[in-house]
Amino acid sequence: MSVNLRISNVSKVFEKNIALNNVSLDIQAGEFVCLLGPSGCGKSTLLRLIAGLDKPNEGSIYINDRNVTNLPPARRNFGIMFQSYALFPNLTAYENVAYGLRNKKMRNQDIEARVDRLFHMIKLDSAKKRLPSQLSGGEQQRVALARALATEPDFLLLDEPLSALDAKVRISLRKEICRIQKELGLTTIMVTHDQDEALTMADRIIVMNKSVVMQEGTPEEIYEHPENPFVADFIGSINFIDKEKCKLYGLCEQERAAIRPEKIELSRTEKEASLRAQIKEIEFRGFYDRITVCVSHGVQGDMILLVDVPFRMVKTMQFRIGEVVYVNLPREELLGFKTA
Amino acid sequence: MEKLKQKIMRCTKEDIVRAIAIYAVVAFLLVFLVCPLCTLFVKAFQNKDGAFVGFAQFIKYFQSKSLIQSISHTFFVAIMSTIISVTLAFFFSYALSRKNVPCKGFFQYIGMIPIFAPTMLLGIALIYLFGNKGIFTALGLKVALYGKVGIIIAESIYCFPVATTILMVAFSAADNRLYEAADTMGTSTLRKMLTITIPNVKYGLISALFVAFTYSFTDFGAPSVVGGNYNVLATDVYKQVVGQQNFNMGAVVGIILLFPAVLSFVVDRITNQKQSAAINSKSVPYQIKPDKKSDALATAFCICITLVMVIFFAVALFASLIKLWPYNLTFTISNYDLTKIASGSGFTAFKNSILISLITAVLGTIVTFVGAYMIEKNQKFKTSRRIAYFLSITPLAIPGTVIGLSFIMFFNASQFNIPFMDGYALQNPFHGMYGTIWILILANMIHFYSVPFSTATTSLKRLDKEFETVSESLAVPFYRTLGKVTLPLCLPAICEMWVYFFVNSLVTVSAVVFLASPTAPIASVIIVSMEGAGQTAPAVAMCMLLLFINLFVRLVYEAIRGRSNKKK
């Protein structure tokens with residue numbers, strides 16, 4: 001069974017440090033939500049409040065419209081995964097997964113059946129008898145996932161579950177977690193500082209900074225329509241263009257504009273509204289090149305822009321440093337911000 | 001070309017310094033650790049006339065009823081005091097590291113006090129409490145003190161600090177995430193204890209058990225005071241060697257004493273390695289959650305433990321300050337008049353003890369640090385370094401009684417017969433040390449070698465390995481880096497080593513009881529003989545003096561450390 005969660009005006013203070021400042025959130029049943037933000041933004045604190053590992057100073061937390069603010073973790077019925085796996089080092093993988101079930105005094109054969117099913121699900125049938133120290137990081141985290149799911153929780157909390165793993169393992173585990181989450185239709189909240197992780201995994205992203213929510217929305221919304229410069233800057237790369245240069249180049253009327261490097265077009269032929277620029281740097285990035293260009297307009301008007309050029313175009317165009325090119329900033333891709 | 005020549009010259013000079021240092025350390029340990037032990041082994045297989053008799057001595061030993069009895073006695077008291085002291089230390093360190101107990105530092109220091117006093121003090125305090133004219137006895141609480149009960153109580157208190165120290169370290173290494181994971185699964189407190197806490201401190205617990213066992217198995221001080229007719233191995237050796245001058249039988253008992261110590265040493269080595277593997281960098285330190293009931297219980301327990309300690313030492317202090325227990329309770333400080341103690345040798349003994357402790361602390365710190373440095377920060381002399389390392393940690397496995405015994409045999413011999421080469425004999429160049437304070441200094445240096453050595457090694461390991469590489473690349477000789485960088489950075493560790501040597505040398509009795517002579521008396525041995533002669537009050541006064549000096553040294557050390565910590 002999946003549940004919805006509601007966080008209502010929650011604040012948390014640690015010895016004069018404000019970790020959360022009046023945060024409210026609604027999470028639908030079955031939804032995969034990512035709390036994304038730089039370290040110290042309060043995302044882990046929020047997760048711990050939802051888990052009941054810490055208590056908020058103000059505000060309430062509701063599970064299926066029941067106020068659980070003062071309930072201990074065990075009575076909220078969720079599963080949790082930590083960055084450090086937190087597997088019991090002295091127990092086998094099997095006993096780790098069975099740990100919560102033994103607390104519930106289930107019959108041995110029922111436990112066995114359920115644990116077997118979980119090991120099958122995480123595709124680690126052969127590792128049951130092994131100790132955590134005999135498993136790789138990725139395997140340990142899968143066991144931790146199985147343990148989190150063993151008690152048939154109503155929702156799942158993931159605290160940076162992938163940040164301790166190697167790049168390759170991380171990507172395969174991303175898929176694994178998403179598959180299992182969709183299979184079970186389990187409400188899931190994941191904390192991460194990795195934007196790629198959030199973009200690829202989440203149904204909805206909640207971007208946090210300095211103890212408040214900056215923006216919430218689907219990955220597309222967050223990426224394409226950041227509501228403020230922080231979100232625009234934190235997720236993906238972006239060129240900011242300040243007010244004077246906007247006016248100088250006739251780009252827009254707003255206070256501050258921004259455009260993502262891959263939205264800028266680069267060519268050797270002059271088009272209407274394109275700007276003359278010189279290539280300053282070319283950085284090889286694998287499937288694209290990041291080219292730094294300098295648009296000049298008189299003495300004070302120099303504008304540095306980053307442009308991402310896809311691999312195929314790089315092959316055919318063969319840009320060189322020092323070369324004069326033309327950049328086009330499509331008006332529909334320009335993002336405008338009111339505040340600087 | 002000229003420069004190259006200079007470079008070679010300098011390199012070799014440095015190498016010579018290194019070589020001298022490492023060989024000197026190895027030689028020191030070979031001569032004063034290995035040779036005496038070999039003498040002991042040889043003696044065990046010889047008869048009084050020095051003829052090889054194989055296992056005859058051992059067979060004779062195991063046929064003697066009273067000696068067999070003392071083995072079973074020793075095991076019994078050692079096992080009992082191990083169980084009691086480690087159980088108490090377990091709850092004490094659990095309370096201090098996992099519960100909200102106020103004034104933790106205070107409790108911890110009080111719990112450590114027995115380290116700073118000679119074990120005889122515990123025995124004497126017991127006599128004042130539970131002896132024939134003891135306070136509790138007078139109140140109607142009659143305990144058959146002399147014998148196993150007395151020894152077990154005294155040893156339990158004696159082993160308590162070391163077990164606590166080991167367990168505090170074990171408890172400090174916990175991953176809070178494990179407890180949180182367990183909490184989310186609704187785990188009971190008991191189950192958390194059984195599946196997380198105890199497995200987590202398992203190795204510390206094993207280590208504490210073995211160390212406590214060895215301590216109580218080999219201690220001499222407490223049984224000599226409250227043992228009565230209950231004979232144990234450590235007092236047996238003393239009787240055999242000092243009483244009956246039967247060195248060969250003493251050697252046999254010494255070898256028997258070695259067994260549990262060596263076993264405990266091996267277990268400790270193995271568990272140490274496993275313990276360090278149990279925590280990783282991703283672990284989150286344990287966070288104490290307030291819980292009124294269990295916090296109050298923990299505080300109450302800590303208060304009980306400290307109360308016992310305080311009662312022991314308060315009674316000892318009181319007894320040292322009155323005229324004649326229990327008949328004349330008028331206040332006096334005459335017991336502290338060292339010139340009157342032990343027919344005038346009290347003052348010399350006290351002076352000697354301080355002198356020996358100071359010299360041991362200085363020389364011991366230098367030798368162990370140089371040894372550790374040469375082993376840790378050196379690429380050459382692989383074999384010598386390995387031998388030096390092994391020899392440096394070996395003393396941990398040798399009970400003080402055995403060190404004293406082997407020293408007496410080694411230094412007492414005026415010449416050594418070389419085995420299988422009859423007629424050839426080697427003059428003993430160290431015979432002259434016999435009967436001087438130098439043999440005591442050497443015995444203490446060897447006896448307490450391993451712990452400061454480990455302290456030095458740990459602090460050196462913590463330093464960046466690149467320091468040496470950088471200075472080498474800058475062509476700075478290693479001794480300059482040592483003086484300018486390594487030594488200042490290791491200064492806290494060096495102070496700690498110095499204090500360890502000093503404190504232990506001042507109160508030890510097990511090794512030196514064989515070695516102190518009338519020409520070079522020392523305080524701890526004088527205490528044993530005074531107590532034996534019924535001069536309990538001056539004996540306890542002497543104990544208190546040693547305790548005060550040690551506490552003073554420790555407090556000065558803490559003050560210095562506190563100040564240098566603040567600077568950082």
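Against which helices and strand do the buried residues of H8(B) pack? In this predicted model, the buried residues of helix H8 of chain B pack against helix H1 (43-51) and strand S6 of chain A, together with helix H9 (189-218) of chain B. Helix H8(B) itself, which spans residues 176-184, is mostly covered, with 7 of its 9 residues buried; these are Arg177(B), Leu178(B), Tyr179(B), Glu180(B), Ala181(B), Ala182(B) and Thr184(B). The helix is followed by Gly186(B), a residue with a positive phi near 65°.

The contact between the two chains involves 19 residues of chain A and 17 residues of chain B. On the side of chain A that touches chain B, strand S6 (78-81) and helix H2 (93-103) each supply at least two residues, and H2(A) gives the most, with 3 residues. By class, this side of chain A has 13 nonpolar and 6 polar residues, while no charged residues are found there.

Strand S6(A) also takes part in the pairing of strands within chain A, where S6(A) and S7(A) run in the parallel sense and are joined over 4 bridges. Within this pair, Met81(A) has Leu158(A) in S7(A) as its bridge partner. Strand S7(A), residues 155-159, is mostly covered, 5 of its 5 residues being buried. Phe155(A), Leu157(A) and Asp159(A) point one way from the strand, whereas Leu156(A) and Leu158(A) point the other way, and all are buried.

Chain A is divided into domain 1, covering residues 5-234, and domain 2, covering residues 239-337. The centres of these domains, taken over C-alpha atoms, are separated by 40 Å. Their contact takes 4 residues from domain 1 of chain A and 5 residues from domain 2 of chain A; on the side contributed by domain 1, the residues divide into 3 nonpolar and 1 polar, with no charged residues.

Two open sheets of chain A may be described in turn. An open sheet of 3 strands has the order S11-S12-S18 and antiparallel pairing. Strands S11(A) (239-241) and S18(A) (335-337) stand at the edges of this sheet, each with a single partner strand, so that one side of each is left without a neighbour in the sheet. From one strand to the next the twist averages 25°. Strand S12(A), residues 256-259, is joined to S18(A) by 3 bridges in the antiparallel sense, and Arg256(A) stands opposite Phe337(A) in S18(A).

An open sheet of 5 strands in chain A has the order S13-S17-S14-S15-S16, again with antiparallel pairing. Its edges are formed by strand S13(A) (265-267) and strand S16(A) (303-310); each has a single partner strand, so one side of each is left without a neighbour in the sheet. The twist in this sheet averages 45° from one strand to the next. Strand S15(A), residues 288-295, runs antiparallel to S16(A) and is joined to that strand by 8 bridges, with Ile291(A) standing opposite Val307(A) in S16(A).

Terms used:
Residues are numbered from 1 along each chain as its sequence is written. Chains are lettered from A and ligands numbered from 1 in the order in which they are written. This is a predicted model: local features need pLDDT of at least 70, side-chain atom pairs count only at pLDDT 80 or more; totals for chains, interfaces and linings use all residues. Domain bounds come from an automatic or database domain assignment. Two residues are in contact if their C-beta atoms, placed from the backbone, lie within 7 Å. Ala, Val, Leu, Ile, Met, Phe, Trp, Tyr, Cys and Pro count as nonpolar, Asp, Glu, Lys and Arg as charged, and the others, Gly among them, as polar. Two strands pair if DSSP finds at least two bridges between them. Axes are lines fitted to C-alpha atoms, for helices over the stretch in contact, and angles run from 0 to 180 degrees between N-to-C directions. A residue is buried if 20 or more other C-beta atoms lie within 10 Å of its own, exposed if 12 or fewer, and partly exposed in between; C-beta atoms are placed from the backbone.
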